[in-house]
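The tour goes from one selection to the next.

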Amino acid sequence: MVLNELGARINSAFHALSKESVIDEKAIDALLREICGALLESDVNVRLVQQLRQNVRKRVDMDELASSANKRKVIQNAVYDELCSLVDPGVQPWVPRKGKQNVIMFVGLQGSGKTTSCTKLAAYYKRKGMKVGLVCADTFRAGAFDQLKQNASRAHIPYYGSYTEADPVQIAMEGVTQFKKDKFDLIIVDTSGRHKQEAELFAEMEQIAKAVKPDNTVFVMDGTIGQAADSQARAFKETVDIGSIIITKMDGHAKGGGAISAVAATGSPIIFIGTGEHMHDLDKFSARPFVSKMLGMGDISGLVETVQDLQLDKNEDMIKNLAKGVFTLKDMRDQLQSILKMGPLSKIMGMMPGMSPEMMQGFDAEEGTRRLRSYMCIFDSMTESELGSDGKVFDDENRLHRVARGSGVRPVDVQALLHQHRQFGQIVKKMGGPKGMLSKMNPAMMQQMAKNPGAMNPNMLKQMGGMGGMQKMIQQMGGMSGVQNMMKQMMGGGGPGGGGLGNMQEMMSQMMGGMGGMGGFGGLGGRPGGRR
């Protein structure tokens with residue numbers, strides 16, 4: 001993602017500040033000069049950059065700074081908060097509610113990625129447990145219905161459209177009526193786009209809106225237009241009641257930062273940003289997690305939300321095995337399936353604290369995904385009794401060669417999987433069992449943690465032995481080097497020279513500081529927060 005380059009430039013400026021022996025006006029000016037230069041190169045409006053510079057200077061009082069114990073942290077906090085303000089429109093977006101029939105209408109210019117974003121949003125809410133339907137009311141562009149039908153079929157989402165009906169208002173009305181009759185929670189209507197903001201487009205949008213009465217109108221905007229996003233957002237907002245905005249194509253253009261800051265300046269809430277062509281490449285937008293992730297500090301709230309979508313609390317057998325210190329091949333298979341469901345590995349790794357943009361550049365996500373899928377083929381070639389074992393049955397070479405032939409891999413690949421299983425098994429054995437860390441947690445606590453990883457309250461932490469207990473658990477896991485090696489072996493990399501996640505003990509301390517409501521993170525994120 002190009003925004004990672006912006007994050008790397010800002011991190012580089014912070015790193016240069018940390019090397020300064022004396023923090024004075026000259027050092028602060030050098031920091032702001034580098035950060036403002038990086039923002040201008042990302043096509044952020046010069047007035048907004050100037051405002052950020054002035055606000056940081058106002059917040060960093062040199063007289064107060066002289067007596068501060070940690071001058072660098074005060075400056076970093078000020079810059080972080082102003083970066084968040086730069087992309088925060090200060091408006092709460094509309095959110096669909098489960099159990100109520102919600103209608104969303106998509107509008108935008110042609111070529112902005114509107115139809116693809118419709119399916120991505122539908123898939124996102126489907127993962128949340130909603131019953132979602134798509135309606136194609138785009139009769140202007142040839143192949144629009146075919147595109148939506150293909151995307152919806154791939155994501156297993158019901159759709160509605162017509163090859164014969166030419167009136168988009170009629171199609172939209174029929175589709176919404178049909179899905180409402182079938183008790184769908186969320187109905188997304190895709191409308192026609194045009195090459196420019198012409199009167200015909202706005203008239204059609206108003207007619208469809210009058211017919212289907214949407215709860216929210218989403219404007220899809222091309223992120224490559226940079227600062228021009230300001231005038232485009234204002235033009236649409238003046239004509240149609242725009243409730244929220246999705247900015248697309250944020251993965252391959254340097255002007256993405258300019259588009260986000262320009263839209264934020266209009267006061268229109270950005271709900272998602274498109275970061276690729278795949279179904280998972282739609283990231284929920286929130287100012288603080290966005291800036292935190294861009295600077296390589298992770299997105300704990302996003303990671304927790306992704307884990308919650310997996311509904312791990314339903315796997316009761318695995319939870320019982322973990323408490324006993326038992327880790328079968330079936331448990332490992334279930335865990336790898338969960339990882340694959342979470343989306344691309346690069347996206348998951350980007351949410352983890354300590355994964356800087358430089359580390360992500362050395363992480364081969366495609367190779368990691370290929371390796372995980374290869375492991376799944378190996379598991380599929382095993383019998384139920386073999387999956388329920390601890391892997392020792394494969395000391396019999398005949399079994400090992402049979403599984404290798406059945407999965408189309410070499411025997412050495414099966415041995416590599418078994419080696420990974422043994423390493424994970426040793427960690428689980430240390431954490432579980434009568435003397436392990438998990439023995440201090442009752443099954444109800446484990447169930448709650450699986451259901452809501454971010455809801456670790458102080459009492460639960462106390463029962464686990466406090467922060468000292470958490471640090472002991474990390475040591476029981478073999479320390480940071482052990483975890484790094486396993487990640488590197490299993491997922492095909494981790495960064496130059498072994499990559500890694502930084503100091504694990506420090507990372508856990510930061511995470512625990514931000515668990516309560518996903519607020520403070522590392523001292524920088526302290527705001528609470530045909531037909532179908």
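**A stop-by-stop tour**

At 33% relative accessibility, Lys249 counts as partly exposed, where buried means under 20% relative accessible area, exposed over 50% and partly exposed in between (1.4 Å probe, protein chains only). This is a predicted model, in which local features need pLDDT of at least 70, side-chain atom pairs count only at pLDDT 80 or more, and totals for chains, interfaces and linings use all residues. Residues are numbered from 1 along each chain as its sequence is written, and side-chain values use heavy atoms, with hydrogens and water left out.

The side chains of Asp222 and Lys249 form a salt bridge (3.2 Å, N to O); the term stands for a side-chain nitrogen of Lys or Arg within 4 Å of a carboxyl oxygen of Asp or Glu. Asp222 is in strand E5 (residues 216-222) and Lys249 in the loop between strand E6 (244-248) and helix H11 (256-266), so the pair ties together parts that are 27 residues apart in sequence. Helices (H or I, at least four residues) and strands (E, at least two) are DSSP runs, numbered from the N terminus. With 16% relative accessibility, Asp222 counts as buried.

How many salt bridges does the structure hold? There are 16 salt bridges. Side chains of opposite charge can pair when their charged atoms come close.

Next, select Arg288 and Asp81. Their closest N and O atoms are 2.9 Å apart, in a salt bridge. This pair links distant parts of the chain, 207 residues apart: Arg288 belongs to helix H12 (residues 287-294) and Asp81 to helix H5 (residues 71-87). Both Arg288 and Asp81 are buried.

Move on to Arg333 and Asp334. They form a salt bridge whose closest N and O atoms are 3.6 Å apart. Arg333 counts as buried at 16% relative accessibility, and Asp334 counts as buried at 12%.

For the last stop, select helix H2 (residues 25-41). Its 17 residues reach 24 Å from first C-alpha to last, close to the 24 Å expected at 1.5 Å a residue; the expected span is 1.5 Å times one less than the number of residues. Among the buried residues of H2 are Ala27, Ile28, Leu31 and Leu32. Looking down the axis of H2, its buried residues fall within an arc of 155 degrees, so they line one face of the helix; the arc is that of the directions from the helix axis to the C-beta atoms. On the other side of H2, Lys26, Arg33 and Glu41 are exposed. Just after H2, Asp43 takes a positive phi of about 70 degrees.
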